[in-house]
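Please examine the sequence and the structure shown below.

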Amino acid sequence: MAHTITLIPGDGIGPEVTEAVLRIFTAAGLQIEWDRHDAGVIAFKRYGQTLPATLLDSVKRNKVALKGPVTTPIGEGFTSVNVGLRKALDLYANLRPVKNIPGVETRFQNVDLVIVRENTEDLYAGLEHEIVPGIVESLKIITEKASTRIARFAFEHARTFGRKRVTAIHKANIMKLSDGLFLDSCRRVSREFLDIPYDERIVDAACMHLVMHPEKLDVLLLPNLYGDIVSDLCAGLVGGLGVVPGANMGLESAVFEAVHGSAPDIADQNLANPTALLLSGLLMLDHIGERQRAERIRAALGRVLAEGRVRTRDLGGTATTTEFTDAVGREIEKT
Ligand code: NAI
């Protein structure tokens with residue numbers, strides 16, 4: 001079946017890793033019509049906007065987008081394209097599966113976590129103001145509506161993908177009202193999913209547990225700010241931001257993206273590792289019903305990384321982006 005998907009190559013290493021993913025998808029026989037759109041500084045220079053309406057219309061129409069990293073210039077009044085996309089498309093759930101990859105050595109084995117982070121509210125919304133000089137106030141807004149829908153997302157994900165447990169992470173012992181409401185909402189939703197075990201952990205204790213026994217946790221359900229911090233901690237358990245995928249999902253549309261940035265220090269040098277964007281692309285294939293092809297590519301990627309002969313520089317190798325992409329393509333063709 002042919003699919004039409006919005007493609008946002010981004011900037012910096014974005015176009016290089018995007019091209020790599022497209023070549024690997026083609027090697028696996030995927031028929032995808034890509035609707036390409038610029039974002040960020042490139043779009044601003046061309047159209048006077050970092051997030052053009054044509055891009056948003058395209059994602060709304062196609063329901064699915066694959067996005068490379070986009071630079072956010074500091075101190076030039078640009079708002080982050082990622083934040084803009086999340087707001088404009090109400091992408092309320094941030095999904096980050098974190099799993100050991102064969103051949104990528106880390107301190108931990110058997111890590112297989114899924115982080116489900118609320119994406120729209122909490123302290124992370126950045127609602128701050130100065131009351132008087134020397135005193136500022138940041139607003140932590142938590143709503144029953146947003147907490148309930150993220151909890152439902154986590155349980156539905158757990159059910160669809162056969163996960164073992166959902167753990168809500170909170171600080172309701174101190175934030176009795178805000179995290180209390182989050183927790184109440186999770187508990188209420190958990191009663192709709194009696195087939196999926198549910199438990200709760202306080203965020204500090206959860207962090208300790210994650211760096212001692214990460215293999216014992218499964219789906220983590222978090223409000224926005226704890227989710228931001230814990231998801232990078234978890235990425236570190238399996239080798240860092242270069243090897244974990246991510247997605248921002250809403251009721252209507254979903255944007256799949258690598259969690260790393262545009263890496264301007266290695267842009268246009270054929271040095272970037274496309275693994276993270278490829279893994280995000282594979283999540284996207286799962287989402288659009290192409291699970292079989294996704295598995296074929298996952299297995300090929302796993303074999304190339306496990307064998308370790310062709311690795312990009314960030315993973316201790318000497319291969320270029322092109323050489324790594326070719327190696328994955330050859331592995332796919334063998335199966
Ligand atoms: P970064 O992730 O771009 O780079 C950090 C380090 O990791 C650099 O040494 C870079 O070379 C390396 N690196 C990152 N991705 C790599 C890859 N695929 N292969 C090999 N090495 C890789 O983070 P940084 O420098 O903080 O941000 C650069 C720009 O990216 C900023 O403008 C930031 O706003 C933007 N950014 C965009 C994101 C997005 O669009 N999703 C996410 C994070 C940052």
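What volume does the largest pocket have? The largest pocket has a volume of about 1,100 Å³. This is a predicted model, in which local features need pLDDT of at least 70, side-chain atom pairs count only at pLDDT 80 or more, and totals for chains, interfaces and linings use all residues. Residues are numbered from 1 along each chain as its sequence is written, and side-chain values use heavy atoms, with hydrogens and water left out.

**Terms**
- On a 1 Å grid over the protein atoms alone, a cavity is a set of points where a 1.4 Å probe fits but cannot get out, while a pocket is an open set with protein on both sides within 12 Å along at least five of seven lines; lining residues have an atom within 4 Å of a point.
- Grid points are joined across faces, edges and corners, and a volume is the space filled by probe spheres set on the points.

**Largest pocket**

**Second largest pocket**
- The second largest pocket holds about 440 Å³ of space.
- Among its 26 lining residues, Asn82, Arg86, Glu257, Ala258 and Val259 are the closest to its centre.

**Cavity**
- One cavity of 30 Å³ or more is found in a search of the whole structure.
- The largest cavity contains about 40 Å³ of space.
- Residues lining the largest cavity include Gly40, Val41, Thr50, Pro73 and Phe78.
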